Amino acid sequence: MPTIFSHAAVAAGLGRALHVRPLPARFWWLTALCAILPDFDAVTFRLGIPYESMWGHRGFTHSLVFAALVGLLMGFFAWPRTRPEPRWALAAWFAVATASHPVLDMLTNGGLGVALLAPFSNERYFLPWRPVRVSPIGAGFISMRGVATLLSELLWLWLPVGVAVLLARLLRRRAAPNTSATGN
């Protein structure tokens, strides 16, 4: 898996690239939470649930069904009713932010894969291209392997998202009417 930092950064970066108008801090905190929430299943190691179980690591919490459920809960219950954003749009966004997690995990070079279609199937998936080093779990992260993981994530995750954010800003700037040319 990528680190929780990268999961949160990628979801927030995509949100920044896609959302035109400013949104409150709560939106960004919930986006980050949705992106890291699937890895709360790491507690299953301590509970003795086998990794390969649908309820183990990268199981149900890494599925599209889980992402949809989280999106609905966040969009309809964690967002103030006083805000003007449509609930369905928020639910869809938070589902996408949650679903970004298993997609990033499918880019890693380790583990058993992701049960993307759980609970309908426990088959584990990876993408054909897997450039991201899998992150060591726990204290193993504070090691040379952890540093190599972070460097891999900077190159293959943070850099492309940063470029997408910059491109989105440039495109928005170009598309904005030039009020100085008309004297307005």
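**Entry 1: helix α5**

I began with helix α5, which has 19 residues and reaches 28 Å from its first C-alpha to its last, close to the 27 Å expected at 1.5 Å a residue. I kept in mind that I was reading a predicted model. I then looked up how much of α5 is covered, and I found that 14 of its 19 residues are buried, so this helix is largely enclosed by the rest of the structure.

**Entry 2: the whole chain**

Along the principal axes, the C-alpha atoms fill a box of roughly 70 × 40 × 30 Å. Of the 184 residues in the protein, I noted that 43% are buried. I also looked at contacts between residues at least 6 apart in sequence, and 63% of these join residues at least 24 apart.

**Entry 3: the nonpolar cores**

Which residues have the most contacts inside the largest nonpolar core? I found that this core has 20 residues, and that those with the most contacts inside it are Phe27, Leu30, Cys34, Val70, Met74, Trp79 and Phe94. The elements that give two or more residues to this core are α2, α4 and α5. I wrote beside this that, in soluble globular proteins, nonpolar side chains tend to be buried together.

I followed Met74 as an example, and, not counting residues up to four places away in sequence, Met74 touches Leu30, Leu33, Cys34, Trp79 and Phe94.

**Entry 4: aromatic rings**

I looked up the ring pairs next, and the count comes to 9 aromatic pairs. One of them is the stacked pair of Phe27 and Trp93, with 6.3 Å from centre to centre and 25 degrees between the planes. This pair links distant parts of the chain, since Phe27 lies in helix α2 (residues 25–36) and Trp93 lies in helix α5 (residues 87–105), 66 residues apart. Both Phe27 and Trp93 are buried.

Why is the pair of Phe60 and Phe66 edge-to-face? I noted that their ring centres are 5.9 Å apart and that their planes stand at 75 degrees, and planes over 60 degrees apart count as edge-to-face, so the pair belongs in that class. Phe60 and Phe66 are both buried.

I also found one aromatic cluster, formed by Phe27, Trp28, Trp79, Trp93 and Phe94. A ring can have a charge over it as well: the charged end of Arg130 sits over the ring of Phe126, 3.6 Å from its centre.

**Entry 5: Arg58 and its partner**

I searched for salt bridges and the count comes to 1. The side chains that meet in this salt bridge are those of Arg58 and Asp105, at 3.5 Å from N to O. Here too distant parts of the chain are linked, with Arg58 in the loop between α3 (43–47) and α4 (64–77) and Asp105 in helix α5, 47 residues apart.

Are these two charged residues, Arg58 and Asp105, buried or exposed? Arg58 has a relative accessible area of 1%, and because buried means under 20%, Arg58 is buried. Asp105, at 0% relative accessibility, counts as buried too. I noted one more thing about Arg58, namely a positive phi of about 65 degrees although this residue is not a glycine.

Leaving aside neighbours within four places in sequence, His7 is in contact with Pro2, Ala35, Ile36, Asp39, His101, Leu104 and Asp105.

Arg16 is also in helix α1, but at 36% relative accessibility Arg16 counts as partly exposed. Its contacts, again leaving aside neighbours within four places in sequence, are Trp28, Val165, Arg169 and Arg172. I also compared Arg16 with Leu166, and the two are 150 residues apart in sequence and 9.6 Å apart in space, C-alpha to C-alpha.

**Entry 6: a cis peptide bond**

Last, I checked the backbone at Ala118 and Pro119, which are joined by a cis peptide bond with omega of about 10 degrees. The place of Pro119 is in the loop between α5 and α6 (144–175).

Terms used
Residues numbered from 1 in each chain as written. Predicted model: local features only at pLDDT ≥ 70, side-chain atom pairs only at ≥ 80, totals over all residues. Heavy atoms only, no water. Phe/Tyr/Trp six-rings, centres within 6.5 Å; stacked < 30°, edge-to-face > 60°. Helix = DSSP H or I, 4+ residues; strand = E, 2+ residues; numbered from the N terminus. Buried < 20%, exposed > 50% of the residue type's maximum accessible area, 1.4 Å probe, protein only. Lys NZ or Arg CZ within 6 Å of the ring centre and 35° of its normal. Salt bridge = Lys/Arg side-chain N within 4 Å of Asp/Glu carboxyl O. Core = buried A, V, L, I, M, F, W, Y, C linked by side-chain atoms within 4.5 Å. Contact = heavy atoms within 4.5 Å. Expected span 1.5 Å × (residues − 1).
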